Amino acid sequence: MVTTSVEFDPFSEQFYAYPYEIYRRMREEAPVYYNAEHDFYALTRHEDVAAAFKDHGTYTSTRGVDLGMIKSGEPPQKSIIFMDPPDHRHMRSLLSRAFTPRAVQSQRDTVVELVRKYLSAADPARFDVVRDFSAPFPVEVITRMAGVPEEFRQQVRVWMDVSLHREPGQMEMTEAGMRAIDAESAFYYELVQKRRAEPRDDMISTLIAAEIEREYGEMSSLDDEEIAGFATLLGGAGAETVTKLVGTAAAVFARNPDQWQKLLDDRGKVPQAVEELLRYEGPVQYNVRCTLKEVTLHGVTIPAGKPVFLIGASANRDSDAFTDADTFDIDRDRSEALNVALGYGIHSCLGAALARLETAIALEHLLDFMPRYEVDWDGCERVTMQNVAGWSKLPVRVLP
């Protein structure tokens with residue numbers, strides 16, 4: 001094993017603050033990194049991360065997708081993110097119907113309505129891009145799709161934020177986080193039962209009525225636990241991704257005003273700006289898998305049964321994959337390499353197209369709301385969360 005002085009601790013203050021220099025050193029000095037304290041490995045180069053995302057025969061999701069879960073040895077709940085084929089294939093085939101291109105585009109008016117709602121209530125002199133805007137609107141979109149009553153939609157975001165929060169040095173979920181997960185799971189389980197008794201035109205009701213292919217070709221309905229598990233995942237992933245990405249956009253563009261000017265000059269560049277934001281500083285830092293068998297990379301052998309961090313955020317900054325990888329450039333050549341910000345292979349994000357649509361619409365409206373702005377950096381706060389990076393506070397002042 002290559003000796004290196006670089007330290008990668010996904011629960012450290014240094015990691016939460018800004019991990020990209022750590023990633024660079026890992027790619028150069030320890031492309032297969034080993035953390036002896038927590039007994040895990042990490043892959044950081046684009047080629048290795050992309051290959052691992054696709055190799056579910058070596059890197060499984062069935063034992064959990066975060067370090068604490070895998071180390072606990074307890075089987076995870078019923079959810080698509082904890083499945084490998086053939087179960088995963090059957091479940092994804094069913095759930096992907098909710099995110100067809102037509103289904104995603106049908107949400108455009110809802111997204112525009114909610115974006116305008118929150119921006120119209122914002123004070124340009126004291127505008128927190130996250131708290132006043134990017135935190136509340138995405139969860140409204142995804143929970144409305146699922147069928148969550150209006151009075152509970154913001155509560156879903158609170159539950160997810162609490163469950164993902166980690167104090168520096170803390171690997172396990174907090175007691176408050178466990179209570180939040182229990183409350184959210186119970187809420188969705190009860191909602192599924194209500195929809196069984198009284199179906200409506202929403203995603204949960206659709207899943208109740210659907211059938212899925214099981215082992216040996218048997219067809220059966222989803223049970224309440226399976227539907228509640230997917231709804232919980234959907235509410236969290238659908239809210240957190242866009243919340244963090246839009247907040248990050250305000251920070252990244254403030255540091256790269258020439259790129260913001262490009263958007264002001266040409267709104268047609270908004271979709272490519274979304275792609276570059278995902279690549280440059282995406283909300284998902286890593287996914288954790290567990291090895292089913294021994295694998296050797298770059299002269300390092302990873303034994304079977306070990307947690308492996310697939311660090312997509314590092315892969316997207318790999319200079320062997322992207323020209324000037326540490327430069328934020330919305331005009332970047334997208335054909336150079338695959339953007340793995342929202343996963344790759346069978347576990348690529350189901351709601352990726354919806355997340356891109358929401359972020360693009362948010363950017364278009366922010367260009368109108370704050371064509372010139374300055375960030376109060378002293379008032380900014382980063383989140384300290386499991387897997388997710390971004391801002392919890394990002395106050396700005398709109399300039400005349």
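A: A helix axis is here a line fitted to C-alpha atoms over the stretch in contact, and the angle between two axes runs from 0 to 180 degrees between N-to-C directions. The model is a predicted one.

On the side of helix 13, the contact is formed by L245, T248, A249, V252 and F253, while helix 15 contributes A273, L277, L278, Y280 and E281. Sorted by class, the residues of this contact comprise 8 nonpolar, 1 polar and 1 charged.

Helix 13 also packs with helix 10, residues 153–164, at an angle of about 80 degrees and with the axes 9 Å apart. Helix 10 and helix 13 are therefore roughly perpendicular to each other as well. Here T232, G235, G236, E240 and K244 of helix 13 meet V156, R157, M160, D161 and L164 of helix 10. This contact of helix 10 with helix 13 divides into 3 nonpolar, 3 polar and 4 charged residues.

One of the residues in the contact with helix 10 is G236, which lies in helix 13. Is G236 buried or exposed? Buried means under 20% relative accessible area, and G236 has a relative accessibility of 3%, so G236 counts as buried. Along the chain, G236 and E225 are 11 residues apart, and their C-alpha atoms are separated by 17 Å.

A further neighbour of helix 13 is helix 5. H88, H90, M91, L94 and L95 are buried in helix 5. Seen down the axis of helix 5, these buried residues fall within an arc of 165 degrees, so they line one face of the helix. Their packing partners are helix 13, helix 12 (203–209) and strand 5 (211–213). The loop between helix 4 (67–72) and helix 5 (87–95) holds P86. The peptide bond that joins P85 and P86 is cis, with omega about 5 degrees.

Some features elsewhere in the model complete the setting. An open sheet of 5 strands has mixed pairing and the order 1-2-10-7-3. Strand 1 (32–35) and strand 3 (59–60) stand at its edges, each with a single partner strand, so one side of each has no neighbour in the sheet. Within the sheet, strand 2 (residues 40–43) and strand 10 (residues 307–310) run parallel and are joined by 3 bridges. In this pairing, Y41 stands opposite V308 of strand 10.

Two loop residues have backbone angles to note. D324, which is not a glycine, has a positive phi of about 45 degrees. D324 is placed in the loop between helix 16 (312–315) and helix 17 (352–369), and D324 is exposed, with a relative accessible area of 55%. N387 likewise has a positive phi, near 80 degrees, and is a residue other than glycine. The loop that holds N387 runs between strand 12 (381–382) and strand 13 (391–393).

Definitions and conventions:
Residues are numbered from 1 along each chain as its sequence is written. This is a predicted model: local features need pLDDT of at least 70, side-chain atom pairs count only at pLDDT 80 or more; totals for chains, interfaces and linings use all residues. Side-chain values use heavy atoms; hydrogens and water are left out. Contact means heavy atoms within 4.5 Å. Helices (H or I, at least four residues) and strands (E, at least two) are DSSP runs, numbered from the N terminus. Ala, Val, Leu, Ile, Met, Phe, Trp, Tyr, Cys and Pro count as nonpolar, Asp, Glu, Lys and Arg as charged, and the others, Gly among them, as polar. Buried means under 20% relative accessible area, exposed over 50%, partly exposed in between (1.4 Å probe, protein chains only). Two strands pair if DSSP finds at least two bridges between them. The arc is that of the directions from the helix axis to the C-beta atoms. Angles under 35 degrees count as roughly parallel, over 145 as roughly antiparallel, 65 to 115 as roughly perpendicular and the rest as oblique.
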